[in-house]
Amino acid sequence: MSLIDGNSSPVHDTHVMQVEHDVQIKLLSAFGDAVKQRQSAHELEVVYKQLMDYTSVHFLSEQLLMRMYAYPDYELHEQRHTQLMERLDTLQASLANDDRERTLETVQYLRERILGHIETDDAALAQYLQADLVPSVANMTGVRQADAD
Ligand SMILES: [Fe+2]
């Protein structure tokens with residue numbers, strides 16, 4: 001999310017989103033690799049927590065963008081994020097049960113679901129952000145300023 005660095009624009013935000021997707025998929029792969037390599041429970045927990053934390057922040061970042069730019073399909077998109085987070089949560093149970101096979105199946109399933117989400121829901125959001133129709137942050141700030149006067 002680029003509000004923090006002061007470079008916010010819909011096109012820049014779309015680029016940040018793409019970078020975050022790459023990191024998200026790499027973290028999921030790193031988790032799958034750690035399971036395949038039979039790393040210790042502690043190591044697996046560390047990688048799992050990174051994956052969960054990053055994914056959670058990334059989804060929140062997208063949701064903030066959607067709200068900021070009045071994205072019309074916000075609710076459906078948020079629902080998809082919730083479903084993905086719920087599925088990610090199930091990894092903790094299979095880890096706790098030391099069920100490697102189940103964990104790897106879920107990782108593969110999640111990989112396909114997340115990539116599908118990126119190619120459909122996130123692509124639609126990116127297309128919306130890149131269209132000239134979105135209200136700019138500067139305009140929104142101007143509206144707030146006018147309201148304050
Ligand atoms: Fe998304």
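## Helix H1 against helix H4

H1 and H4 are roughly antiparallel to each other, because their axes cross at roughly 175°, and an angle over 145 degrees is counted in that class. The two axes come within 10 Å. Sorted by class, the residues of this H1–H4 contact comprise 14 nonpolar, six polar and five charged. The model described here is predicted.

Gly-32 belongs to helix H1. Beyond its neighbours within four places in sequence, Gly-32 is in contact with Leu-104 and Val-107. Gly-32 counts as partly exposed because 19 other C-beta atoms lie within 10 Å, whereas a buried residue requires 20 or more. Between the C-alpha atoms of Gly-32 and Leu-44, which are twelve residues apart along the chain, the separation is 9.4 Å.

## Overall architecture

The protein contains five helices and zero strands, and its order along the sequence is α-α-α-α-α. Of the 149 residues in the protein, 16% are buried. When contacts between residues at least 6 apart in sequence are considered, 67% of them join residues at least 24 apart.

## The nonpolar core

The largest nonpolar core consists of nine residues: Leu-28, Phe-31, Val-35, Leu-44, Leu-51, Leu-88, Leu-91, Val-107 and Leu-110. At least two residues of this core come from each of helix H1 (10-36), H2, H3 and H4. H1 provides the largest share, with three residues.

Leu-110, a member of this core, is in contact with Leu-28, Arg-87 and Leu-88 once its neighbours within four places in sequence are set aside.

## Helix H3 and its surroundings

Helix H3 spans residues 74-96, 23 residues in total. From its first C-alpha to its last, H3 reaches 34 Å, close to the 33 Å expected at 1.5 Å a residue.

Tyr-74 is located in helix H3. Its contacts, apart from neighbours within four places in sequence, are with Met-66 and Arg-67. The C-alpha atom of Tyr-74 lies 9.7 Å from that of Leu-64, ten residues away along the chain. Tyr-74 is classed as partly exposed because 16 C-beta neighbours fall inside 10 Å.

## Positive phi angles in and around the loops

Most residues other than glycine have a negative phi. Arg-38 has a positive value near 50° and is placed in the loop between H1 and H2. Arg-38 is exposed, since 9 other C-beta atoms lie within 10 Å.

Ala-70, in the loop between H2 and H3, likewise has a positive phi, of about 50°, although it is not a glycine. Ala-70 is exposed because 12 other C-beta atoms lie within 10 Å, and a residue with 12 or fewer falls in that class.

How values were computed. Residues are numbered from 1 along each chain as its sequence is written. This is a predicted model: local features need pLDDT of at least 70, side-chain atom pairs count only at pLDDT 80 or more; totals for chains, interfaces and linings use all residues. Helices (H or I, at least four residues) and strands (E, at least two) are DSSP runs, numbered from the N terminus. The expected span of a helix is 1.5 Å times one less than its number of residues. Two residues are in contact if their C-beta atoms, placed from the backbone, lie within 7 Å. A nonpolar core is a set of buried Ala, Val, Leu, Ile, Met, Phe, Trp, Tyr and Cys residues joined through C-beta atoms within 7 Å. Axes are lines fitted to C-alpha atoms, for helices over the stretch in contact, and angles run from 0 to 180 degrees between N-to-C directions. Angles under 35 degrees count as roughly parallel, over 145 as roughly antiparallel, 65 to 115 as roughly perpendicular and the rest as oblique. Ala, Val, Leu, Ile, Met, Phe, Trp, Tyr, Cys and Pro count as nonpolar, Asp, Glu, Lys and Arg as charged, and the others, Gly among them, as polar.
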